[in-house]
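Open your viewer and get ready to select a few pieces one after another. We will take them step by step.

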Amino acid sequence: MLRSFFVSLSRVSWAQRTITSWGVARRASARFVAGETVADAIQAVRALNSQGVRASLDHLGENTLNPADAQAATAEILAVLDEIENAGVQSNVSLKLSQIGLNLGEETCHANLLQILEKARSLGIFIRVDMEESTMTAKTIGMVFRMAQNGFSNVGIVIQAYLRRSERDIQELLSLPVRVRLCKGAYQEPPEVAFPSKSEVDANYDKLARLLIVGASAQHTPPASDDGRTPPFPAIATHDPRRIQFALQTIEELKLPKNAVEFQMLYGIRRDLQQKLVGLGFPVRVYVPYGTHWFPYFMRRLGERPANIWFFASNYFRN
């Protein structure tokens, strides 16, 4: 119920106008968003790198409404690639296809993504395509398949464990193969599309994590790159200690080298777990969002955990 409320609120224009005008909202969002400029984001990445943590930069934005906006979003991502190269930081890039024009037509999106992947490949930088709402799943996977089949090995995707279709999707992605980031999912979906209970989502997450880790073994465990720009095939993205422990046990059971699996988390959440995994010798990557369009992302973070709402409330009542 709580999660549904915040996800719904993230789509309401009057709520965005009102809440983004509050200074308290901007202060609270700073925990989860690394600033409004790419310079802010690079600074955050440097701080993470100094702690042994890699990053994935994401310029916030989704659902562009016209080709000019999609091209502007593409230009920003191209600029981010240059900034990563110039700064020499251990980071790659995440993006949403609706941000670069998928809702305007597949060919518009394809042209923009092609520009990004070509430049990223020339710089040795990996691109992770985020997953959005279930209405976008088939198109998103189709676009990534198209790019992978055309020789782009520097593109990967996010798969959401709460979707019923995800086991089949992972099996198909591993056949190419395409690098997969497994997360639980942050959108509100109908029960015929997504598992409705936390216990079902958790059980499916573990099932899919094992499938990915076994898949990595079948691919002869290609490791994370030393420069921090390319992840291994499986990325286990969760803040749930039980899910992490299950993955660790599976890695040990299959005797995979530690750099064959990457753990990923969100900026500002569970820094203790990040450091624990770094201490164990595993690659850890933090998703670092930045930009002015932080409201939908911030609302989804509030809806995921009651502790995040308390953090927001404590900022509201701070003098």
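Start by selecting residues 179-183, which form strand β5 in this predicted model. Five of the five residues here are buried, so the strand is largely enclosed by the rest of the structure. Show the side chains next: R179, R181 and C183 lie on one side, V180 and L182 on the other, and both faces are covered.

Trace the chain from β4 through α8 to β5, and you will follow a right-handed β-α-β crossover.

Next, select residues 234-237, strand β6. What is the sense of its pairing with β5? The two strands are parallel, with three bridges between them. Here V180 has P234 of β6 as its bridge partner.

For the last stop, select helix α7, residues 137-149. Its 13 residues reach 18 Å from the first C-alpha to the last, close to the 18 Å expected. Colour its buried residues: T137, T140, I141, M143, V144, F145, M147 and A148. What do they pack against? Their partners are α6 (106-123), β3 (127-129), β4 (155-160) and α8 (166-174). Finally, click on G151 just after the helix, where phi is positive at about 100°.

Definitions and conventions. Residues numbered from 1 in each chain as written. Predicted model: local features only at pLDDT ≥ 70, side-chain atom pairs only at ≥ 80, totals over all residues. Heavy atoms only, no water. Helix = DSSP H or I, 4+ residues; strand = E, 2+ residues; numbered from the N terminus. Expected span 1.5 Å × (residues − 1). Buried < 20%, exposed > 50% of the residue type's maximum accessible area, 1.4 Å probe, protein only. Contact = heavy atoms within 4.5 Å. Right-handed = clockwise from strand over helix to strand, strands pointing away. Pairing = 2+ DSSP bridges.
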